[in-house]
Amino acid sequence: MALASEVKAGLATAAGALVVGLLALNQALVGVFYDDGLYAGLATALSSGLGYVHPNLPGMPGAVHYPPLYPALLTPLFAVLSVNGAAIAAKVLNALLNAGAAGLIAWHATRTEILGPLGPRIPRWLPAVPVAAAAVAMPVLATQTVLFAEPLFAVLLAVAIVATDRQMSPWIAGAAGALALLTRSIGIAVVAGVVCFLLLRRAPVRTFVAVLVPPLVAALAWGLWVATHGRQIDPALALGYGTYFAHLSQAGLSAIAVNVPDMSRPLEALTFGWIGVRWAYEILATLALGIGLYGLALLARRSAIGFALIGYFVILAIWPHPPDRFLWAVLPWLVLAWAAGMLELARRWPRLRVPLSVFACLVAGGYLQYEIRGFRGRWWDAQARAISANFTELLPVVATLPDTAVVATDDEALVWLYTRRQSVPLYLESYRGRDLIRPTPAEHRAYLERMGATHVLLASSTSPSAIELRSLIGAYPTLLSGLYRWSDGRWLFVVNRGH
């Protein structure tokens, strides 16, 4: 029996994404991007029977910053393999998840004609092309080739949307939404998107019950855990280890003025970064943004992903961090929204077909040259390779410290994973409205004393940590003594008690 065209499109998209994802595998150390080290630490703690705790921190406080599903998925790998072996296996798993999400999205977009009526001259497999292109974008590969939760979130998002759009059992959509919420807290946007789309469809009450019960149970369980263990996190670590409410309580709504105009920047860089003339860049970027917003409005009537993306953007608008990484998890859907806007404009106003075609060629050409340059330079792991090389040189010395040592350092989870020396952040930050503020030397010293830090590792003389450390040494010149010095101003210090 011949496979349907939408099945072929989905399989081809998944296969292409998987091949590229496997080719992009690397042997970078776990923890080079900070979050991946914390995920690995949580998985290691679970596999060791310690519970859902941060094993690198003194006292091993309960983890309340990251929902538990992705660390739980990694737990069997870290239970039976070495750190390096588990890292490779986890990266292969991420490649499989990313490919699965891309294939499912391509199949769904082709089967449901999410882009609208394509017409007899347009092949049915057309939606698979932008999805496949998005699945192998450099930033997507960068998040896939470290231990980030984005690929798992992408699969769960796709399942929730497909189940809702195809009017499958609402329990499937509800369960996928609950699991997405337990993967990343922004999964609340998935649940909200599904509910809003069902309201538009005037679904019966029993459908809403089935969709909402699993996420509510998941949110209640996770909320109880957070409420019980949140106070175990030192206030100085609120942004990196505390609950997400710490970010919002410190920054308030101050991020909106920065994030809203910055929201489209990461996408523009993929397609228009080659344009050196500022005014031309601004015009093309504005046109692309307008088409994308129009397409998003269209998707809101055709699929649950429209409302889910709207909720996603609302959360990103108030979140006091750059939107880049959050956008890569939903990039295939964003590209589909843009394509939907382009096709609808061409269908409604035939006179625009030629300029729209030219514009589409500019976008595709810009993206293609970006990808070619990226593959030539291995952009997806360039930063990871550099950080790995640095810590590969530092870790053997740290490993010689006493088992009771507590090291204040950057990438503290990485240091713990490879040396098993308890490690805490050296760099501290907090928000005061829109401003990111550093601690005073007195606050920094008090924090190190609370953590029981015995050593300080300066991994880079040009990092923000170096700035804070210079202030600390300036205020307390006898607090630290040099123990080991590498080239380029990297140091391992011992903390002098009582000074």
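Trainee: Where is N56 found, and is N56 buried or exposed?
Mentor: Keep in mind that we're looking at a predicted model. N56 sits in the loop between α2 (35-47) and α3 (69-80). Its relative accessibility is 3%, and the cut-off for buried is under 20%. So N56 counts as buried.

Trainee: What is N56 in contact with, leaving aside its neighbours within four places in sequence?
Mentor: We skip the residues within four places in sequence and look at what remains. For N56 the contacts are L38, Y241, E412, W416, Q422 and S423.

Trainee: Which residues touch the most other members of the largest nonpolar core?
Mentor: Here's some background: in soluble globular proteins, nonpolar side chains tend to be buried together. The largest nonpolar core here has 116 residues, and helix α4 (residues 83-112) gives the most to this core, with 11 residues. The ones touching the most other members are L74, I305, Y312 and W333.

Trainee: Let's pick L74, then. What is L74 in contact with beyond its neighbours within four places in sequence?
Mentor: L74 is one of the core residues that touch the most other members. Leaving out its neighbours within four places in sequence, L74 has contacts with Y39, A43, A90 and L147.

Trainee: How many residues are in the other core, the one that lies apart?
Mentor: That core includes A28, L29, V32 and V415. It lies apart from the largest one, and its count is 21 residues.

Trainee: How far does helix α15 reach from its first C-alpha to its last?
Mentor: Helix α15 covers residues 278-302, which is 25 residues. At 1.5 Å a residue, 36 Å is expected. The reach in the model is close to that, at 36 Å.

Trainee: What covers the buried residues of α15?
Mentor: Start with who is buried: among them are A280, Y281, L284, G292 and L299. The cover over the buried residues of α15 includes other helices. They are α9 (188-201), α14 (265-272), α16 (304-318), α18 (331-348) and α19 (353-377).

Trainee: How far apart are the closest N and O atoms of R378 and D381?
Mentor: These two form a salt bridge. R378 counts as partly exposed at 30% relative accessibility, whereas D381 counts as buried at 1%. Their closest N and O atoms are apart by 2.7 Å.

Trainee: Which residues are linked in a network of salt bridges?
Mentor: The count of salt bridges comes to 17. A network of salt bridges links D35, E150, R184 and R325.

Trainee: Which residues make the nonpolar surface patch?
Mentor: The patch is about 470 Å², and helix α10 (residues 205-229) gives the most to it, with 4 residues. W171 is also part of the patch; it is found in helix α8 (residues 170-181) and is partly exposed at 47% relative accessible area.

Trainee: One last thing. What is phi of Q167?
Mentor: Q167 lies in the loop between α7 (150-165) and α8, and Q167 is exposed, with a relative accessible area of 62%. Its phi is positive, in a residue other than glycine. The value is near 55 degrees.

Key: Residues numbered from 1 in each chain as written. Predicted model: local features only at pLDDT ≥ 70, side-chain atom pairs only at ≥ 80, totals over all residues. Heavy atoms only, no water. Patch = residues over 30% accessible without salt bridge, like charges linked within 9 Å, V, L, I, M, F, W, Y side chains within 5 Å. Areas by Shrake-Rupley, 256 points an atom, 1.4 Å probe, with all protein chains shown as cover. Salt bridge = Lys/Arg side-chain N within 4 Å of Asp/Glu carboxyl O. Helix = DSSP H or I, 4+ residues; strand = E, 2+ residues; numbered from the N terminus. Buried < 20%, exposed > 50% of the residue type's maximum accessible area, 1.4 Å probe, protein only. Core = buried A, V, L, I, M, F, W, Y, C linked by side-chain atoms within 4.5 Å. Contact = heavy atoms within 4.5 Å. Expected span 1.5 Å × (residues − 1).
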